[in-house]
Amino acid sequence: MIDLHTHSTASDGVFSPADLIRHAADKGISVLALTDHDTTGGMEEAREEAEHKNIIFVGGIEITVQWPTGEFHLLGLGLTHTSPELTRLIDFLAKARRERNEKMAQKLRDEGLDISFEEVRERFGTENIGRPHFAAVLEEKGLVKTRQSAFDRFFAKGRPCYVDRVSADLEEAVHAIQTSGGIPVQAHPLSIYVSWGKMEETMTGIRDRGVRGLEAYHPGARSSEAERLEALAHKLGMFATAGSDYHGEAVRKDRHIGITAGDRKIDDRFYYEELLPNLEAYRALHC
């Protein structure tokens, strides 16, 4: 069983990078990609622990990309290092994220909620703060009943504390991933809100801009949709990948490591030799 889309406390996951690897090992995962939002900060810790747990580790990232509809997230899979180009992009996104967080905190105070960006940052011990962290603190302080209710009342688009995010240019993100040894893969393609009638045309354009794979299997897709995306990826000469988008059960109780669309276990057919950091180690595990 493998998983090519997971998150740690380096962004908005529950487990530290090392604990995520240990959890993956306990669940029988043999290949794991860490794809934290807009950061590679947890990559080395996860890689070191993966060596101890005999897990093939895939360095990764999930970059927020500008797109006119929905949300476009670009996975970088198989990173061997963090290039200067990727470092600059991460720094740009981190600065934009801080400014957005400060605006959200002010809007929360304007709504009469006693919360600050500083306390959220201190609570989680990371600079990579986002809406899920704010929602968690609101829940802990008893200001909302659940994290989801925080999104429904305050943080969803159109709600009083929502602030538009500044995102990366697609070509710049693709280049940053490629210069770091990685393969650009579009995460959960349905999140960009393109009709099926326009899906092939849209994905062809995305492919032609350097994206080499589609995450066909994601818990947010139905099995029939995932199969349709996989067929489209093959038609366009792209990789079809699969992931759980795992953040920890405390964030999403319905998502589990190694499990994807249709509650399917993610099997080895979604792992490609181009992602292998150590082909001989992989063969030793599976032959």
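**Exercise 1. Salt bridges across the chain**

Task: In this predicted model, how many salt bridges does the count come to, and which residue does Glu171 pair with?

Solution, step by step:

- Start with the total: the count comes to 19 salt bridges.
- Now pick out Glu171. Its partner is Arg209, and the closest N and O atoms of the two are 2.7 Å apart.
- Glu171 sits in helix α7 (residues 170–179), while Arg209 is in the loop between α8 (196–208) and β6 (213–217), so to speak a link between distant parts of the chain, 38 residues apart.
- Then check accessibility. Glu171 has a relative accessible area of 35% and is partly exposed; Arg209 is also listed at 35% relative accessibility, again partly exposed.

**Exercise 2. The surroundings of Arg269**

Task: Which residues form salt bridges with Arg269, and is Glu230 buried or exposed?

Solution, step by step:

- Take Glu230 to begin with. Its side chain meets that of Arg269 in a salt bridge of 2.4 Å, N to O.
- Look at where they lie: Glu230 is in helix α9 (residues 223–235) and Arg269 in the loop between β9 (264–265) and α10 (279–286), so this pair ties together parts that are 39 residues apart in sequence.
- Compare the accessibilities with the cut-offs. Glu230 has a relative accessible area of 11%, and buried means under 20%, so Glu230 is buried. Arg269, at 43% relative accessibility, counts as partly exposed.
- Asp267 is partly exposed, at 35% relative accessibility.

**Exercise 3. Under cover: helix α2**

Task: Which residues of helix α2 are buried, and what covers them?

Solution, step by step:

- Go through helix α2 (residues 43–52). Its buried residues are Met43, Ala46, Arg47, Glu49 and Ala50.
- Now see what lies over the buried residues of α2: the cover includes α1 (17–26), β2 (31–34), β3 (56–65) and β4 (72–79).
- Finally, step just past the helix. Asn54 takes a positive phi of about 60 degrees there.

**Exercise 4. Helix α8 against helix α9**

Task: At what angle do α8 and α9 pack, and which residues make the contact?

Solution, step by step:

- Geometry: the angle between α8 and α9 is about 35 degrees, and their axes are 11 Å apart. The crossing is right-handed.
- Residues: α8 brings Trp196, Met199, Glu200 and Met203, and α9 brings Glu225, Arg228, Leu229, Leu232 and Lys235.
- Sort them by class, and the contact has five nonpolar, no polar and four charged residues.

**Exercise 5. Helix α3, helix α5 and Phe151**

Task: How are α3 and α5 oriented, and what does Phe151 touch?

Solution, step by step:

- The axes of helix α3 (residues 84–110) and helix α5 (residues 131–140) come within 11 Å and cross at roughly 30 degrees. Angles under 35 degrees count as roughly parallel, so α3 is roughly parallel to α5.
- The crossing of α3 and α5 is right-handed.
- On the α3 side are Arg100, Asn101, Met104, Ala105 and Leu108, which meet Arg131, Phe134 and Leu138 in α5. These divide into five nonpolar, one polar and two charged residues.
- Turn to Phe151, which is in helix α6 (residues 147–155). Its C-alpha atom is separated by 9.5 Å from that of Phe134, 17 residues apart along the chain.
- Leaving aside residues up to four places away in sequence, Phe151 touches Arg131, Pro132, Ala135, Ala156 and Arg159. Arg131 is also one of the α5 residues that meet α3.

Notes
Residues numbered from 1 in each chain as written. Predicted model: local features only at pLDDT ≥ 70, side-chain atom pairs only at ≥ 80, totals over all residues. Heavy atoms only, no water. Salt bridge = Lys/Arg side-chain N within 4 Å of Asp/Glu carboxyl O. Helix = DSSP H or I, 4+ residues; strand = E, 2+ residues; numbered from the N terminus. Buried < 20%, exposed > 50% of the residue type's maximum accessible area, 1.4 Å probe, protein only. Contact = heavy atoms within 4.5 Å. Axes fitted to C-alpha atoms, helices over the stretch in contact; angles between N-to-C directions. Left-handed = near helix turned anticlockwise from the far one by under 90°. Nonpolar A, V, L, I, M, F, W, Y, C, P; charged D, E, K, R; others polar. Parallel < 35°, antiparallel > 145°, perpendicular 65-115°, else oblique.
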